[in-house]
Amino acid sequence: MLRVLFFGSLAEQVGMAELALDWQPGWQQVQDVLASLHRSHPAIAQVLAKRRGLLIAVNQRIGAATAAIADQDELAFLPPVTGG
């Protein structure tokens, strides 16, 4: 299972803070999960695709769409950090 978390305004836009996905054998990188979301959860994938500056974390470490993932990992999507 892959635990997917959405933070801040992303959680509001996708309508949930957390999603559990059954592990798929072909998943190796975050981008594989994103491609799968396009098929299984198109509304969520659409929100993620529209966000500029989206931050991705795997097991609480900031990464990229090419970051490696494994079964039982935690994948988080965070809106861009702003402030002053």
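Tryptophan 27 comes out as buried, at 7% relative accessibility, where buried means under 20% relative accessible area, exposed over 50% and partly exposed in between (1.4 Å probe, protein chains only). This is a predicted model, so local features need pLDDT of at least 70 and side-chain atom pairs 80 or more, while totals for chains, interfaces and linings use all residues. Residues are numbered from 1 along each chain as its sequence is written, and side-chain values use heavy atoms, with hydrogens and water left out.

On to the sheet. Five strands make an open, mixed sheet, ordered β2-β1-β5-β3-β4. Strands here are DSSP runs (E, at least two residues), numbered from the N terminus, and two of them pair if DSSP finds at least two bridges between them. β2 (18-21) and β4 (61-63) sit at the edges with a single partner strand each, so one side of each has no neighbour in the sheet. β1 (residues 2-6) runs antiparallel to β2, joined by four bridges, and leucine 5 faces glutamate 18 in β2.

Now the rings. Phe, Tyr and Trp (its six-membered ring) pair if their centres lie within 6.5 Å; planes under 30 degrees apart are stacked, over 60 edge-to-face, the rest tilted. That rule gives two aromatic pairs:

| Pair | Type | Centre to centre | Between planes |
|---|---|---|---|
| Phenylalanine 6 and phenylalanine 77 | stacked | 6.0 Å | 15° |
| Tryptophan 23 and tryptophan 27 | edge-to-face | 5.3 Å | 85° |

Phenylalanine 6 lies in β1 and phenylalanine 77 in β5 (residues 74-78), so their pair ties together parts 71 residues apart in sequence. Phenylalanine 6 is buried at 2% relative accessible area, and phenylalanine 77 is buried at 0%. Tryptophan 23 is partly exposed, at 23%.
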